[in-house]
Amino acid sequence: MEACQLGPQGFPELKNDTFLRAAWGEDTDYTPVWCMRQAGRYLPEFRETRAAQDFFSTCRSPEACCELTLQPLRRFPLDAAIIFSDILVVPQWTLMTYMVEGGSSSTMAQAKRWLYQRPQASHQLLRTLTDALVPYLVGQVAAGAQALQLFESHAGHLGPQLFSKFALPYIRDVAKRVKAGLQESGLAPVPMIIFAKDGHFALEELAQAGYEVVGLDWTVAPGKARERVGKTVALQGNLDPCALYASEEEIGRLVRQMLDDFGPQRYIANLGHGLYPDMDPEHVGAFVDAVHRHSRLLRQN
């Protein structure tokens, strides 16, 4: 099979490319918006669909994944759809922290213990995971994904020194090797996003790690982040997810402030982390509508 045949065939022409253009750093008519965990348990239809089978069976069912991917788009005018899947499908725990820790933790002490006591084994495991991640991500693009986001969900547990030693090299390697893999496979490049939760201490390094977009959690001031990373990358984020518990009027005010702070271009609106299961879908809709409405007004001024 020729490399050029690896890409998805028969896809309809994209009707809304605002998210992709913003990710590439191009000017847009309004700020695109999506939400981490937008296909999630806060939606009654999601809970109903997921109740029919376990998590891994769902991830292996194209029909179920398609249904869960489309559910939030039926409710809200979002600018991106998240393909329902999870990195859990690579090793059925998740990646290094949970593989070593054995589950979630407020300190990740056992995983960090490995880093300090078994640095060589830690690097070997991280290299193995990187070797698995790269073809997995290239395969997602071959199957139709038009953008990729890499999570470093526990950057805050590492701190600057451990992050620089055990996370940043592999974050860079994933970007470099995925881009090379796409080229070797005859696939068009896609924008890549890096989201390192609580990784505010490494913004400059993340901006130079080979990704088109740097995602920010809600602990980072947008204006200061822009000053630190410059205009070499687009930024994404970063409303506190808990702000969606506020009134719709207050959500609108917070969104306006966020957009004013980030500026009108090279920016993708999102939450600073994922939606929580008990959130009101109506407030999610208010967030999305406020982003679209106020960003259009910003561009008129």
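**View 1. Arg74 and Glu67 pair up through their side chains.** A salt bridge joins the side chains of Arg74 and Glu67, with 2.9 Å from N to O. This is a predicted model, so the pairing is a computed one. Arg74 is exposed, with a relative accessible area of 54%, whereas Glu67 is partly exposed at 25%. In the whole structure, the count of salt bridges comes to 9.

View 2. The closest N and O atoms of Asp17 and Arg21 are 3.0 Å apart. Both partners are partly exposed: Asp17 has a relative accessible area of 35%, and Arg21 has 23%. Now look for Thr28, in the loop between helix H1 (18–23) and helix H2 (44–50). Thr28 counts as buried because its relative accessibility is 6%. Setting aside neighbours within four places in sequence, Thr28 is in contact with Thr18, Arg21, Ala22, Gln265 and Arg299.

**View 3. Two further sites show charged side chains meeting.** Lys197 and Asp198 meet in a salt bridge, at 3.2 Å from N to O. Lys197 counts as buried, with 17% relative accessibility, while Asp198 is partly exposed at 26%. At the other site, a network of salt bridges links Asp131, Asp173 and Arg177.

**View 4. Helix H7 runs from residue 119 to residue 142.** How does the span of this helix agree with its 24 residues? At 1.5 Å a residue, H7 should span 34 Å, and its end C-alpha atoms are 35 Å apart, so the two values agree. The buried residues of H7 include Leu125, Leu126, Leu129, Leu133 and Leu137. Ser122, His123 and Thr130 are also among the buried residues of H7. Just after the helix, Gly144 takes a positive phi of about 125°.

**View 5. Phe163 belongs to the largest nonpolar core.** This core has 74 residues, and those with the most contacts inside it are Phe163 and Phe287. Helix H8 (residues 155–184) supplies the largest share of the core, 13 residues. A second, separate core has 12 residues, including Leu20, Trp34, Met36 and Ala234. As background, nonpolar side chains tend to be buried together in soluble globular proteins. To explore around Phe163, leave out residues up to four places away in sequence; among those it touches are Ala155, Leu158, Leu168, Pro169 and Ile171. Phe163 also touches Glu152, Ala196, Phe201, Ala202 and Leu206.

View 6. Phe195 counts as buried because its relative accessible area is 1%, under the 20% cut-off. Which residues does Phe195 touch, not counting residues up to four places away in sequence? Among them are Gln149, Leu150, Phe151 and Glu152, together with Met36. Phe195 also touches Gly215, Leu216, Asp217, Gly272 and His273. The C-alpha atoms of Phe195 and Ser153 are separated by 7.6 Å, although the two residues are 42 residues apart along the chain.

**View 7. Arg256 in helix H11 has its C-alpha atom 7.5 Å from that of Val291.** These two residues are 35 residues apart along the chain. Helix H11, where Arg256 is found, covers residues 248–262. Arg256 is partly exposed, with a relative accessible area of 35%.

View 8. How many disulfides does a search of the whole structure find? The search gives 0.

**View 9. Residues 1–7 have pLDDT under 50.** Over this stretch, the model has 11 contacts beyond four places in sequence. For the protein chain, the average pLDDT is 90, and 91% of the residues score at least 70.

How values were computed
Residues numbered from 1 in each chain as written. Predicted model: local features only at pLDDT ≥ 70, side-chain atom pairs only at ≥ 80, totals over all residues. Heavy atoms only, no water. Helix = DSSP H or I, 4+ residues; strand = E, 2+ residues; numbered from the N terminus. Buried < 20%, exposed > 50% of the residue type's maximum accessible area, 1.4 Å probe, protein only. Contact = heavy atoms within 4.5 Å. Salt bridge = Lys/Arg side-chain N within 4 Å of Asp/Glu carboxyl O. pLDDT = per-residue confidence, 0-100. Expected span 1.5 Å × (residues − 1). Core = buried A, V, L, I, M, F, W, Y, C linked by side-chain atoms within 4.5 Å. Disulfide = S-S within 2.5 Å.
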